[in-house]
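Let's go through the labels on this model one at a time and see what stands behind each. Ask away, and every answer will come back to a number and a cut-off.

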Amino acid sequence: MALYEHVFLARQDMSPQQVDALVEQYKGVIEANGGKVGRVENWGLKSLTYRIKKNRKAHYALMDIDAPAPAVHEMERQMRINEDVLRYMTIAVEKHEEGPSAMMQKRDRDDRPRREFGDRPPRRDGEFQRAPRPSTPREA
């Protein structure tokens, strides 16, 4: 059997429980056709880059699938019919990743190394400090 990563986007007006039910429905389709679903991640409601079928946001979900190709084709066929699914994408992979996906890893801006004042490269004139602004008389 082949290994796949499958991501789909569900409509924004669905509740998280309805999205979980949708995941369970497609998980049942895979298992009924001789496959199995490993990791399932719900990435939550996220903004879309552009509108899809008049939706500005969507619920994202990821499934790691170990199934024969006909099982994946059947799941995709049912997703095309379902109005709640906006988009889906299935990718064949060599092996499934261990641990949380890149979307679930918490990366804060505070985790990045901070640049100190002395870390900046020197300006063309060799100075680190900002040149004083020319004083112009203000009109009152």
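Q: Why is aspartate 13 called exposed?
A: Its relative accessible area is 56%. Buried means under 20% relative accessible area, exposed over 50%, and partly exposed in between, with a 1.4 Å probe and protein chains only. Aspartate 13 is therefore exposed, because 56% is over 50%. Before we go on: this is a predicted model, where local features need pLDDT of at least 70 and side-chain atom pairs count only at pLDDT 80 or more, while totals for chains, interfaces and linings use all residues. Residues are numbered from 1 along each chain as its sequence is written, and side-chain values use heavy atoms, with hydrogens and water left out.

Q: Why does the contact of arginine 39 and glutamate 41 count as a salt bridge?
A: The distance is 3.6 Å, N to O, so it is within 4 Å. Arginine 39 is buried, because its relative accessibility is 17%, and glutamate 41 is buried too, at 8%.

Q: What makes the salt bridge of aspartate 64 and arginine 39 a link between distant parts of the chain?
A: The side chains meet at 3.0 Å, N to O. Aspartate 64 is in strand 3 (residues 55-67) and arginine 39 in strand 2 (residues 36-52), 25 residues apart. Helices (H or I, at least four residues) and strands (E, at least two) are DSSP runs, numbered from the N terminus. Both of these residues are buried.

Q: How do you know that strand 1 and strand 3 pair?
A: Antiparallel strand 1 (residues 2-11) and strand 3 are joined by 10 bridges. Two strands pair if DSSP finds at least two bridges between them, so these two pair. In strand 3, alanine 58 stands opposite arginine 11.

Q: Why are strand 2 and strand 4 called edge strands?
A: The open sheet of 4 strands has the order 2-3-1-4, with antiparallel pairing. Strand 2 and strand 4 each pair on one side only.

Q: Why is isoleucine 30 called buried?
A: At 0% relative accessibility, isoleucine 30 is under 20%, so it counts as buried. This residue is found in helix 1 (residues 16-32). Its contacts (heavy atoms within 4.5 Å), leaving aside neighbours within four places in sequence, include Val37, Ile65 and Met75.

Q: What makes the meeting of asparagine 82 and tyrosine 26 a polar contact?
A: Their side chains come to 3.0 Å. A polar contact is a pair of N or O atoms within 3.5 Å; within protein, one must be able to donate a hydrogen and the other to accept it, and residues adjacent in sequence count only if both atoms are side-chain atoms. Asparagine 82 lies in the loop between helix 2 (69-81) and strand 4 (85-93).
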